[in-house]
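Subject: Structure handover

Hello,

Please find below the structure I said I would pass on. My notes on it come after.

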Amino acid sequence: MNAAHLGDMLAVLGAGIAAGAVNVVVGSGTLITFPVLLATGLPPVTATVSNALGLIPGSISGAVGYRHELRGRRRRLVKWSAGAVLGGVTGAALLLVLPASAFERIVPVLVGLALVLVVLQPLISRRLRARRAREGRPARPDGGPLLLVGLSLASVYGGYFSAAQGIIYVALMGMLLDDDLQSLTAVKNVLVAVVNSVAALFFLVAADFDWTAVALLAVGSAVGGHLGAGMGRRLHPAALRVFIVVVGTVAIVQLTLR
């Protein structure tokens, strides 16, 4: 990015603020920043890796904003974060060796399926609780191996592109855990921060960044993450669910038309 173009710099900064806020509440902030970075003239891979590094402060800011919802979840976070590290590195490596078209067809399908699960999550959760009650077995507090594998695979996608990975995380956890939606959002923010961080560290030694874009996104996303956490924590669960579906639907349309 040419630092002399003030308009480009302001556009990237504004996109970072918007993406930071959206990422904390839902995810899909990459769908705001990535097109803006491309519009400034950055090549797709450079834009992707610069975006991954620049949005880390927003993820961390959001996780800190949701710290109260994370209480008592340290053990499960450590386990899931280990899977997120492995998945994030794998996805980052795939970005550098696979053609962009490799994931383009399946990404909208993944996001669409995640949205369906988010909508149906209350019904699914009630039926799973009723089934466990009939069978006399308690819910696993960490979701068991199935959730660990699912979150790890979602992290592979997150390391590759990251758009809407938060929606996929929330959908998977919502099916297998009895936690409320705000708690799931808090955990999602931590996992996104982990994936973005390990992917960015991988990119540091294997790809080219645009450091002007990274700095602008970092500042913007940190501010947006703080604002998003304040807004998201006040949303009623039903409103939060609607917001997730609306943003996810926009994401599907944008991904399909790319």
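This is a predicted model: local features need pLDDT of at least 70, side-chain atom pairs count only at pLDDT 80 or more; totals for chains, interfaces and linings use all residues.

Residues are numbered from 1 along each chain as its sequence is written, and side-chain values use heavy atoms, with hydrogens and water left out.

Helix packing

Helices here are DSSP runs (H or I, at least four residues), numbered from the N terminus. Axes are lines fitted to C-alpha atoms over the stretch in contact, and angles run from 0 to 180 degrees between N-to-C directions.

Helix H8 (residues 144–160) and helix H9 (residues 165–176) have axes that come within 10 Å and cross at roughly 175°. That makes H8 roughly antiparallel to H9 (over 145 degrees; angles under 35 count as roughly parallel, 65 to 115 as roughly perpendicular and the rest as oblique). On the H8 side, the contact (heavy atoms within 4.5 Å) is made by residues including Leu147, Leu151, Ala154 and Ser155. On the H9 side, Ile168, Tyr169, Leu172 and Met173 are among them. The residues of this contact divide into 10 nonpolar, four polar and no charged. For these classes, Ala, Val, Leu, Ile, Met, Phe, Trp, Tyr, Cys and Pro count as nonpolar, Asp, Glu, Lys and Arg as charged, and the others, Gly among them, as polar.

Helix H5 (74–97) and helix H10 (181–206) pack at an angle of about 40°, with their axes 8 Å apart, which makes H5 oblique to H10. Residues of H5 in the contact include Trp80, Ala84, Gly88 and Ala92, and those of H10 include Leu191, Val195, Val198 and Phe203. By class, this contact has 19 nonpolar, two polar and no charged residues.

Helix H3 (residues 44–54) is largely enclosed by the rest of the structure, because nine of its 11 residues are buried (under 20% relative accessible area; exposed is over 50%, partly exposed in between, with a 1.4 Å probe and protein chains only). Thr46, Val49, Asn51 and Leu53 are among the buried residues of H3. The buried residues of H3 pack against H2, H4, H5, H8, H10 and H11.

Single residues

The contact lists here leave aside neighbours up to four places away in sequence.

- Tyr169 is in contact with Leu151, Ala154, Ser155, Lys188, Leu191, Val192 and Val195.
- Ser155 lies in H8 and is buried, at a relative accessible area of 1%. Ser155 touches Gly83, Ala84, Gly87, Gly88, Tyr169 and Val195.
- Arg73 sits in the loop between H4 and H5 and is buried, at 16% relative accessible area. Asp179, Ser183 and Val187 are touched by Arg73.
- Ile17, in helix H1 (residues 6–25), counts as partly exposed at 32% relative accessibility. Ile17 is in contact with Gly220, Ser221 and Gly224. From Ile17 to Gly29 the C-alpha to C-alpha distance is 9.4 Å, and the two are 12 residues apart in sequence.

Regards

Methods. Helices (H or I, at least four residues) and strands (E, at least two) are DSSP runs, numbered from the N terminus.
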